[in-house]
Amino acid sequence: MDTQLVKQLSQLKLAGIIKTLDIRNQEAIKSNLSYVEFLELLIEDELTNRKDNAYKKKFYRAHFPYTKTLEEFDFTFQEKLDKRLIFDLATCNFIRKKENVIFIGPPGVGKTHLSIAIGLKAIAQNFNVIFTTVSDMLSNILISKADGTFYQKLKYYTNCDLLILDELGYKRLNPNVVDEFFEVISRRYEKSSTIITSNKSFKEWGDIFHDSVLASAIIDRIIHHCNVVIIQGESYRMKDKKLKNKGVISGV
Ligand code: ADP
Ligand code: MG
């Protein structure tokens with residue numbers, strides 16, 4: 001390949017074209033493409049490459065603990081789950097409307113799976129997403145208070161289009177950071193969307209926050225524009241265990 005041309009493409013930050021130039025050039029010669037057709041192919045490659053890079057950057061910044069997709073979710077296992085609502089959430093219209101989502105249910109019913117799956121759809125639509133457990137977020141905020149980066153951290157959790165707060169209620173919150181939890185929720189209220197997963201019903205949230213007044217202020221802001229998804233089924237992990245006991249699958 002012409003090194004001078006590659007250098008210039010690099011200066012123009014056209015990495016997508018650099019990647020495919022050689023093969024497109026061979027294609028153009030073999031298929032007798034017009035100059036415009038050749039150019040169109042190269043521009044398309046550049047756009048595809050930029051889109052891929054943007055997706056990768058957003059995916060990396062989201063900090064998903066692992067990848068789970070909607071396509072992998074077995075709706076027949078959660079028969080009572082409102083499939084239409086889940087697919088509606090996957091369109092990400094709730095993010096455009098600045099609505100929230102709360103998944104409530106016992107362990108293993110797919111709350112984290114569904115929130116990651118929706119988070120991935122959001123990234124594909126170019127939204128900025130952050131995934132964190134409630135306890136990780138609050139300990140990061142606590143650390144930031146000690147090292148003088150508190151407002152930076154607060155901005156980090158409040159500026160994204162979709163914040164996924166996993167596992168509210170598994171542990172009682174540290175009383176020193178309950179106010180900060182309120183602060184994050186308040187700052188996001190009607191400005192951006194939050195998904196919360198919890199194994200506790202709203203009635204039990206007072207206990208998590210140590211303070212029923214603060215709990216109702218938090219619940220108030222979260223549920224004002226909110227899609228509440230209650231999953232009452234059995235744990236999917238139990239399904240695997242049962243199948244293993246029956247000898248249907250091994251290694252679980
Ligand atoms: P929760 O967050 O409600 O405790 P998870 O989302 O972590 O549950 O689900 C536990 C495991 O079971 C994960 O590996 C998840 O992918 C899987 N899982 C849960 N429900 C389903 C389902 N309906 N279809 C496919 N996999 C599921
Ligand atoms: Mg979970």
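Is phenylalanine 77 buried, exposed or partly exposed? Partly exposed, with a relative accessible area of 24%. Keep that residue in mind. One caveat before we go on: this is a predicted model.

Let's do the aromatics. The count comes to 11 aromatic pairs. Take phenylalanine 73 and phenylalanine 75 as one of them. Their geometry is edge-to-face, 5.0 Å centre to centre, with 70 degrees between the planes. Phenylalanine 73 is buried, at 11% relative accessible area. Phenylalanine 75 is buried too, at 12%.

Now back to phenylalanine 77. Its ring pairs with that of tyrosine 236. The centres are 5.0 Å apart and the planes stand at 85 degrees, so this pair is edge-to-face. Where do the partners sit? Phenylalanine 77 lies in the loop between α3 and α4, and tyrosine 236 is in helix α12, residues 236-245. The pair therefore ties together parts that are 159 residues apart in sequence. Tyrosine 236 is partly exposed, with a relative accessible area of 33%.

There is also a ring cluster. Ring pairs link Tyr55, Phe59, Phe64 and Phe131.

Two lysines sit over rings. Lysine 145 lies over the face of phenylalanine 150, at 5.9 Å from the ring centre. Lysine 153 has its charged end over the ring of tyrosine 156, 5.5 Å from the centre.

Next, the core. The largest nonpolar core has 30 residues. Phe64 and Phe103 have the most contacts inside it. Which elements supply at least two residues each? Helices α4, α5 and α6 do, along with strands β1, β2 and β3. The biggest giver is α6, with 7 residues.

On to charges. The structure holds 8 salt bridges. Start with aspartate 45 and arginine 24, which meet at 2.7 Å, N to O. Aspartate 45 is in helix α3 and arginine 24 in helix α2, residues 15-30, so we have a link between distant parts of the chain, 21 residues apart. Both aspartate 45 and arginine 24 are buried.

Glutamate 46 is buried, with a relative accessible area of 6%. Arginine 50 counts as partly exposed, at 44%.

Compare helix α9, residues 178-188. Here arginine 187 forms a salt bridge with glutamate 183, the closest N and O atoms being 2.9 Å apart. They are 4 residues apart, so about one helical turn separates them. Arginine 187 is partly exposed, at 34% relative accessible area. Glutamate 183 is partly exposed as well, at 29%.

Last stop, the surface. Leu39, Ile43 and Leu47 form a nonpolar patch there. Together they have about 290 Å² of accessible area. Leucine 47 is in helix α3, residues 35-62. Why does leucine 47 count as exposed? Because its relative accessibility is 54%, and the cut-off for exposed is over 50%.

Methods. Residues are numbered from 1 along each chain as its sequence is written. Chains are lettered from A and ligands numbered from 1 in the order in which they are written. This is a predicted model: local features need pLDDT of at least 70, side-chain atom pairs count only at pLDDT 80 or more; totals for chains, interfaces and linings use all residues. Side-chain values use heavy atoms; hydrogens and water are left out. Patches are made of residues with over 30% relative accessible area and no salt bridge: like charges are joined within 9 Å, nonpolar side chains (Val, Leu, Ile, Met, Phe, Trp, Tyr) within 5 Å. Accessible areas come from the Shrake-Rupley method with a 1.4 Å probe; for residues, only the protein chains shown count as cover. A salt bridge is a side-chain nitrogen of Lys or Arg within 4 Å of a carboxyl oxygen of Asp or Glu. Buried means under 20% relative accessible area, exposed over 50%, partly exposed in between (1.4 Å probe, protein chains only). Rings of Phe, Tyr and Trp (its six-membered ring) pair if their centres lie within 6.5 Å; planes under 30 degrees apart count as stacked, over 60 as edge-to-face and the rest as tilted. A charge sits over a ring if NZ of Lys or CZ of Arg is within 6 Å of the ring centre and within 35 degrees of the ring normal. A nonpolar core is a set of buried Ala, Val, Leu, Ile, Met, Phe, Trp, Tyr and Cys residues joined through side-chain atoms within 4.5 Å.
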